[in-house]
Amino acid sequence: MTGIRWWGLGAFVAIVGGIVALWVLFADMLVRKGVESAGTSMVGARVELEAADVGFSPARLELRGLAVTNPDEPMRNALEAERLAFDIDWIGLLLDRVHIDEVSVEGLQFGTERATSGAVMATERTVKESGLIDKARERAEIPPLEVPSVETVLGREGLRSPELIEEASAKLEQRRTALEERLAELPGKEELERYRRQVDEATEGDDTASRLRGLKQLRDLVDDIDDDRKALRKARDEVKESLAAAADTASEARRAPQADIDRLYRKYTDPAAVAGELAYYLLGPKVEQWVNQGWYWFGRLSPYLGGGDGGDAEAESGPETVPAVRRVGRNVIYPEAGEEPRVLVRQVRISGAAGGGDLDGRVTDIAVPAYLWGEPLRVNLSGQAVSGINRLQVDGSMDRRDPATSISRLDLAADGTDVAGLALGPEDGILADRGQADFRVAGTVRDRALDLDVTSVIRDAAFSAGSDADSILQEVAAAMGNAGRLDIGARVGGTIDSPDFELTSSLTGILEPLLRNRLQAEAGEFREGLVAEVTERTGGSLEELEASSAKLDSLEQELESRLEGFRNVLERARKPLD
Amino acid sequence: MIGLLARILKVLNSETDPRQIAGAIVLACFFGLTPLWTLHNLIVLLLVLLLRVNLSIFIIAWGFFTVLAFALDPLFDALGHAVLTAEPLRPLWAAFYATDIGKLSAFNNSVVMGSLCVGIILAPVLWFATIHLVRNYRMHMLEWVRRKRIYQVIRGSRLLTTYQSLRG
């Protein structure tokens, strides 16, 4: 090397200075694009920002006109904020560390309409994949308001009894085969005949020597016969147990046709059951949609609020590996180095709702990863006349300080919501003409266990069917015309992987009188037809079941008769010894 | 392509010190193999500009190593992760990680560490191999290459003439 190139130092300063100058010049645009891109990826639908203003002295960022599309309704924003502002720590940003003391959010609105769709390529897919419960779509057929024909019912509903009877028959056959194999291994007629011959031979002798020899032979024979008899007795006890189990299986199968008849009869003729089905048909999709929307946001935002798995398995015993931010590869984190959260927002202060309402509240201690921060995330919001809700109160927390025992709590009350235009049913066939609703969502998600209650009361409710709704919906809508008060409740339990969903509503009571007279008049005839049809469909397989059962019984008799033969020959062999 | 070849030949056939060529290749190896926006690359850039390494060779070699890095990323990731999680080195990494300069260097990224390790292993090899090859080339092959028709074509091509005129 021949030396130093001093102009190179100038070039280096110029290059670095140029990069910094470009960043300063385009910082606003880069931040705006960054927020839109990262937000869209977080939400799964378009996030837009009118403007970003990056201040360098003091270091401060101001975002204006933030609009976050609702992925479930791309023509509507989930939320809009007029202004967000917070101080920035530039050194922290260079170190991949976002620590903010306070974010101020102003002019928040929910559910505003959009001029253009905010769907992106992945929106539909992400919404479908995020559904926690999906039972209403499985039951999307409207229940009839009169008793249908037996043929229609059996065409629509599967009978469980034929399958149960066939399963039972197969089980009995399996047992029979196993028992036959067992019997083949046991001493049978041939052994019995041999013992009889040997007893005869041992008792034939006339002289003393022959008798003594015979007595010795008989002693040995008694032992052999007794052993075989014991083996047979043991086998008989086992067979009895097996037969008792087989009898249970058979009797359960025999009861199956009647259970099918009772189930279908109740489902199609009991006014309360039919009204319950109808209420589920109308309310199920809407309530599931509410739950799924909440779940969607919980799932989408959870990783950015300190959720996630918190690293790989190495975290327990060694360094933790996390996906790298803004880079390829993975970042290894060393807990013993006194790790701080990568993201820490001490407080988000929300004030002043847009559109004449009033919203006030705060979100505190947003930390990622959450286990590196001593406080759980807390949300507290209260508002009046916000986005059509008369009174809004939200209290929640997300405690992931210990990833093994994470718990999220929510208590949301939205009172005085105008529900005019609320559509019920999978096809939105019935519309609310008027009504004021009070909603309340309360519950916890502890690890993967769900415990959520959704309750709502719609007061002064009136409904009508759309002009293109079918006749059944027209009748239902007429019954609901002046429903007055309508209570709807849903309970979500179980686990995230296998949730339980239970819907309750006073709609059942409203619809029941409509159904009672219509259903009861035809119930008797329906039952007779159902009995005849189910009997015909299951008769053949029941006969097979009885035949299999009888064969099993015959095996027991066979075993008893062998045992009797061995008992007799044993008595004969013992008599001379006595 | 002809321009590229011409630039390489021009440097090889000139009086440029082989160490300037070797230095350019070694620094390009770090600059190209490791992710671009890292603290150590700022130092590499400073060295490239400050030390009298050959800039043409640096730029060509940087392009080559950048393409190579794309193909070797999975290897860098695996190697870097193994180095970063190796139990004997853990106290060292943890101490470095506790410093701001450590975090800023992004050494704890598996690809950064993996590519840096490969760069460190390759650096002495590239340094000595390049010096040796350039010297041998000039001693044994330079005259032969100059006589080759392809060299005459490249030397006489318009592209090279334009390039040389631009370079002054």
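Reader: Before we start, what counts as a helix or a strand here?
Author: Helices (H or I, at least four residues) and strands (E, at least two) are DSSP runs, numbered from the N terminus. This is a predicted model, in which local features need pLDDT of at least 70, side-chain atom pairs count only at pLDDT 80 or more, and totals for chains, interfaces and linings use all residues. Residues are numbered from 1 along each chain as its sequence is written, and chains are lettered from A and ligands numbered from 1 in the order in which they are written.

Reader: Where does A:Val153 lie?
Author: A:Val153 is in helix H4 of chain A, residues 150-156.

Reader: Buried or exposed?
Author: A:Val153 counts as buried because it has 20 C-beta neighbours inside 10 Å. The cut-offs are 20 or more other C-beta atoms within 10 Å for buried, 12 or fewer for exposed, and partly exposed in between, with C-beta atoms placed from the backbone.

Reader: What does A:Val153 touch?
Author: Leaving out residues up to four places away in sequence, A:Val153 touches A:Pro148, A:Leu264 and A:Tyr268. Contact is C-beta atoms, placed from the backbone, within 7 Å.

Reader: Switching to the core. How many residues has the largest nonpolar one?
Author: The largest nonpolar core has 86 residues. Such a core is a set of buried Ala, Val, Leu, Ile, Met, Phe, Trp, Tyr and Cys residues joined through C-beta atoms within 7 Å. Among those with the most contacts inside it are A:Leu278 and A:Ile430.

Reader: Which helix gives the most to this core?
Author: Helix H8 of chain A, residues 271-301, with 12 residues. A:Leu278 touches A:Pro143, A:Val476 and A:Leu511, not counting residues up to four places away in sequence.

Reader: And chain A overall, how many helices and strands?
Author: Chain A has 10 helices and 16 strands. Of its 578 residues, 29% count as buried.

Reader: New topic. How many residues of chain B are in contact with chain A?
Author: 30 residues of chain B are in contact with 28 residues of chain A. H4(B) gives the most to the chain B side, with 5 residues.

Reader: What classes are on that side of chain B?
Author: The side of chain B that touches chain A has 14 nonpolar, 8 polar and 8 charged residues. Ala, Val, Leu, Ile, Met, Phe, Trp, Tyr, Cys and Pro count as nonpolar, Asp, Glu, Lys and Arg as charged, and the others, Gly among them, as polar.

Technical notes. Two residues are in contact if their C-beta atoms, placed from the backbone, lie within 7 Å.
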